[in-house]
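User: I would like to go through this structure with you, one topic at a time. Could you take my questions as they come?

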Amino acid sequence: MSGLLTDTLITGLPLVPVYLGVYLVLRIREDFDLTVEGSFALGGGVCAVLIAHGHGPWLALLAAVVSGVAAGVVTACLNLTLDIPVVLAGLVTSLALFSVTLRITGQPTVSLVGADTVATSLFGEAGRGDAQQIAVLAVVVALVLVAFAAFLMTELGLALRASGVNAEMVRAQGVSERGLVVLSLALSNGLTGLGAALAVQTMGYADVNMGVGTFVAGVGAVLLGVLVFRPTGSQVARIVLAVLVGTLLYRFLLVGALRIGVPAGDLKGITALTLVIAVAAQRFARIGLTALTRPTSSTSASVQTPEGTPT
Amino acid sequence: MTDYDPTETPALELQHVRIVHRAGRPDEVVALRGIDLAVPAGQLVTVVGSNGAGKSSMIQVVSGAVRPASGRVRIGGRDVTRRPDWRRAGDVARVFDDPRKGTAPELSVEDNLALALRRGGRRRLWPAVTPRRRVLMREQLARLGLGLEDRLHEEVGSLSAGQRQSITMIMAALGAPRVLLLDEHLAALDPATARRVLDLTAELARDLGSATVMVTHNMEHALELGDRLLVMGGGRVVADLPRALTRAMAPADVVEVLVSSGESVSDRSLLAATEAGES
Ligand SMILES: Nc1ncnc2c1ncn2[C@@H]1O[C@H](COP(=O)(O)OP(=O)(O)OP(=O)(O)O)[C@@H](O)[C@H]1O
Ligand SMILES: [Mg+2]
């Protein structure tokens, strides 16, 4: 049982920032961003290459965040300049990011066995122990959650929270929809880059395919969390708690499945099943999840005034 | 009523504004056929006209939701014709006809008000709701007499249409706009609630000193509140009546003006409005 918990925390905590980003776009912006699949692999690759070249693990973490932000900005630009819906723009970006990541890493897999991590930078060789890794991850994740909650409570964060539900009203209050698209995608993919870097450092390797399935897994985790906490748009503390608990619950299910002997190849199936069950439970519990039940054509592209011009 | 100095820059000015929807297509509609209008600060203009007369189009061209095919829109003397709606929001507040449109239902009362407090200003990385702002919000909500000042944390979505529309009115007033736009903002409310929100409208318009444009199908409301009454038809202003003239008018007289201007007598909403006005 303690092994189950340890595995859940070690594999789950790095994903909390990633799924926080998924929550931001899915629930707060009510949109779908598939860029995360690409920016997860990109962040992981950037982090691994930097560490492999002898740079510090903290610097690698920062670089992964920056690369994720850049990926998000690309998707936002595709959406804003060419009017491609965010769903499609994200798909295109993540496809391109596969090649970009491969260029950066030079090989499909980068091993970091024995390399420095954020944990060893603090604890020395003892930092390879489970307890030390979990402690460092927990502190980083806690900081991210607190910072994110604080951000949501700012004027800018409030505009973001209102924009998914009532874009017209937010424009009437003087907020540029375009600015919010850039902000939300940059932030969400920056968080994804951070999570990827943490994951790479705990796993000890990066793989160009490590992002595949991130989005669906994120949606599943987010829905689980929402099911437990049912946060409204103004309950910021509940929002971050929902993501934390949802992520860990979801990882707990996967790790548990592995432990009872489910072959690793079936895990993607379990992820999909988790998502379906979570959606079904939402339905049953009558929690509105507009982003999933609404036709995708009504994403942010159609929300702008036809007369709106880039300024 | 108040006298307005004609040499003063009007708070709101429309010059030869034309709006064409679906331009160039076989089903194109000319919604406004060259409107000229100057509204000084502090004046409340009521607008009546049958369905499709172009009232909402006029509101939208001022808010920036629609861009004119030709003509200019000036606010406080500044040409804003090419500015998108969100860049006019500091000067223009609007209340929609649908109570659900003016507020974010998932957010609390205080979050909605906080959003309006920064209308037109830069959104900063600063707490949106501070204790000082809460005091201001409570004060403003208390004017409504609905007890909403004690429900700051409740979701707006759980409030009634009248309560939501009242909050939207307070939100509109918070940013001290130069121009206040009200498009049938009482349409979804029951008579008693409509009365309350109407009184609030008169009070806010007076306090704000903004140029207020209020579209309504209720002739009584139009006569009672307006410093000036515009009658629209077919994309034009067919009559522009100052208070001095409207003071002596009854709802039926306004309908008479509409009818004599070539408007269809069989317009159902107008007939309904007349009946309501005479009852
Ligand atoms: N988005 C649009 N696309 C095409 N035509 C439109 C659009 N908006 C308005 N119109 C047309 O422009 C004309 C004026 O419409 P508008 O909404 O301004 O009328 P209104 O006076 O507000 O009427 P009502 O009393 O019904 O609200 C109508 O003929 C309408 O069909
Ligand atoms: Mg209308």
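User: Is D79(B) buried or exposed, or something in between?
Analyst: In this predicted model, D79(B) is partly exposed, because its relative accessible area is 33%, between the 20% and 50% cut-offs.

User: Which residue does D79(B) meet in a salt bridge?
Analyst: The side chain of D79(B) meets that of R72(B), with 2.6 Å from N to O. R72(B) is partly exposed, with a relative accessible area of 33%.

User: And what does R100(B) pair with?
Analyst: R100(B) forms a salt bridge with D98(B), and the closest N and O atoms are 3.4 Å apart. R100(B) is exposed at 57% relative accessible area, whereas D98(B) counts as partly exposed at 21% relative accessibility.

User: How many salt bridges are there over all chains?
Analyst: A search of the whole structure gives 21 salt bridges over all chains. Between chain A and chain B the count is five.

User: Which residue of chain A does D111(B) meet in a salt bridge?
Analyst: D111(B) meets R161(A), at 2.9 Å from N to O. D111(B) lies in helix α3 (residues 109-117) of chain B and R161(A) in helix α8 of chain A, so this pair joins two chains.

User: Are those two buried or exposed? Take D111(B) and then R161(A).
Analyst: D111(B) counts as buried, at 5% relative accessibility. R161(A) is buried too, with a relative accessible area of 4%.

User: What about R171(A): which residue does it form a salt bridge with?
Analyst: The partner of R171(A) is D85(B), and their closest N and O atoms are 2.8 Å apart.

User: Which residues are linked in a network of salt bridges?
Analyst: The network links E155(A) of chain A with R118(B), R124(B) and R133(B) of chain B.

User: Let us step back to the interface. How many residues of each chain are in contact?
Analyst: On the side of chain A there are 27 residues, in contact with 38 residues of chain B. The area buried between the two chains is about 2,900 Å², and carbon and sulfur atoms give 59% of that area.

User: Which residues of chain A lose the most area to chain B?
Analyst: They are E155(A), L158(A) and Q173(A), which together account for 24% of what that side buries. E155(A) is also part of the salt-bridge network mentioned above.

User: How many residue pairs are in polar contact between chain A and chain B?
Analyst: The count is 16 residue pairs, with both residues at pLDDT 80 or more.

User: New topic: how many aromatic pairs does the search find over all chains?
Analyst: It finds two. In one of them, Y19(A) and Y250(A) are edge-to-face, 6.2 Å centre to centre with 65° between the planes. This pair links distant parts of the chain: Y19(A) is in helix α2 (residues 15-28) of chain A and Y250(A) in helix α12 (residues 236-259) of chain A, 231 residues apart. Both Y19(A) and Y250(A) are buried.

User: And how are F32(A) and F215(A) arranged?
Analyst: F32(A) and F215(A) form an edge-to-face pair, 6.2 Å centre to centre and with 65° between the planes. F32(A) lies in the loop between α2 and α3 (35-52) of chain A and F215(A) in helix α11 (residues 214-229) of chain A, so the pair ties together parts that are 183 residues apart in sequence. F32(A) and F215(A) are both buried.

User: Where does T101(A) lie, and what does it touch?
Analyst: T101(A) lies in helix α5 (residues 86-105) of chain A and is buried, with a relative accessible area of 2%. Leaving out residues up to four places away in sequence, T101(A) touches G38(A), A41(A), L42(A), G45(A) and V208(A).

User: Finally, how many residues of helix α1 of chain B are buried?
Analyst: Seven of the nine residues of α1(B), residues 55-63, are buried, and the helix is mostly covered. The buried residues include M58(B), I59(B), V61(B) and V62(B). G64(B) follows α1(B), and its phi is positive, near 95°.

Note on methods. Residues numbered from 1 in each chain as written. Chains lettered and ligands numbered in written order. Predicted model: local features only at pLDDT ≥ 70, side-chain atom pairs only at ≥ 80, totals over all residues. Heavy atoms only, no water. Phe/Tyr/Trp six-rings, centres within 6.5 Å; stacked < 30°, edge-to-face > 60°. Helix = DSSP H or I, 4+ residues; strand = E, 2+ residues; numbered from the N terminus. Buried < 20%, exposed > 50% of the residue type's maximum accessible area, 1.4 Å probe, protein only. Contact = heavy atoms within 4.5 Å. Buried area = accessible area lost by both parts, 1.4 Å probe. Salt bridge = Lys/Arg side-chain N within 4 Å of Asp/Glu carboxyl O. Polar contact = N/O pair within 3.5 Å; in protein donor to acceptor, adjacent residues only side chain to side chain.
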